[in-house]
Amino acid sequence: MHKWLIVYSSVTGNTKQIAEAMYGAFAEGEADIISIREIGTISLDDYDYIAVGYWLTRGAPDKAVQKFLAELSGKTVVLFQTHGAEVGSEHAVTAFARAAAKLGEGCDVLGTFSSQGRINPALLSRRQNSTDKNDPHAANERNKKRWENAAKHPDENDLQRAKDFVFAMKHKLALREKYRQKANQ
């Protein structure tokens, strides 16, 4: 049996909720879950696959996760993120590219998962009070609507999507293994 590690960084609790939903999709003993703050307490050699979850800051993973990604080498990785932007937005998609670019040598990205989430209250307050008309995050009607929607996430649908994503990644790995076995015959 292959062993998974779920590592997450969370400030508002959004990423932690997604990580816990993913963890719940694994069979007992198939995965471990740990906060990025505790990463030094384990050996990554014990894991075949690593799911790394983070929140976005300036369109990229938070600094602790960026550092962790750079330290990985030769691992199959799943990236998952939470953010105030819409799922599938340019901002969210570009953030995956920035995360993947931080990965150490020989890492393979198996898949990505994104969920909208509540915005840090301190950051939201600054954005709501911004009067700079050139600030793309200022309080305009579009952003106000997005903030209102983000405050409702992650919701039960997001948590179910996270569980379904785990099943999809396990299926993808099974298909890879089957293909490799055929190729070696």
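Reader: What volume does the largest cavity have?
Author: The largest cavity has a volume of about 40 Å³. A cavity is a set of points on a 1 Å grid over the protein atoms alone where a 1.4 Å probe fits but cannot get out. The volume is the space filled by probe spheres set on the points, which are joined across faces, edges and corners.

Reader: What kind of model is this, and how are residues numbered?
Author: This is a predicted model, in which local features need pLDDT of at least 70 and side-chain atom pairs count only at pLDDT 80 or more, while totals for chains, interfaces and linings use all residues. Residues are numbered from 1 along each chain as its sequence is written, and side-chain values use heavy atoms, with hydrogens and water left out.

Reader: Which residues line the largest cavity?
Author: They are Trp4, Met22, Phe26, Ala51, Val78, Phe165, Val166 and Met169; a lining residue has an atom within 4 Å of a point. This lining divides into eight nonpolar residues, no polar and no charged. Here Ala, Val, Leu, Ile, Met, Phe, Trp, Tyr, Cys and Pro count as nonpolar, Asp, Glu, Lys and Arg as charged, and the others, Gly among them, as polar.

Reader: Which helix gives the most to that lining?
Author: Helix α6 (residues 156-183) does, with three residues. Helices (H or I, at least four residues) and strands (E, at least two) are DSSP runs, numbered from the N terminus.

Reader: Turning to the strands, is β3 mostly covered or exposed?
Author: β3 is mostly covered, as seven of its nine residues are buried. Buried means under 20% relative accessible area, exposed over 50%, and partly exposed in between (1.4 Å probe, protein chains only).

Reader: How many bridges join β1 to β3?
Author: Five bridges join these parallel strands; strands pair if DSSP finds at least two bridges between them. Tryptophan 4 has tyrosine 49 in β3 as its bridge partner.

Reader: And over how many bridges do β3 and β5 pair?
Author: They pair in the parallel sense over seven bridges. Isoleucine 50 has valine 77 in β5 as its bridge partner.

Reader: In what sense does β3 run with β4?
Author: β3 and strand β4 (residues 60-61) run antiparallel, joined by two bridges. Threonine 57 has alanine 60 in β4 as its bridge partner. Their hairpin has two residues between the strands, and arginine 58 takes a positive phi near 55 degrees there.

Key:
1 Å grid on protein atoms, 1.4 Å probe; cavity = no way out; pocket = protein on both sides within 12 Å on 5 of 7 lines; lining within 4 Å.
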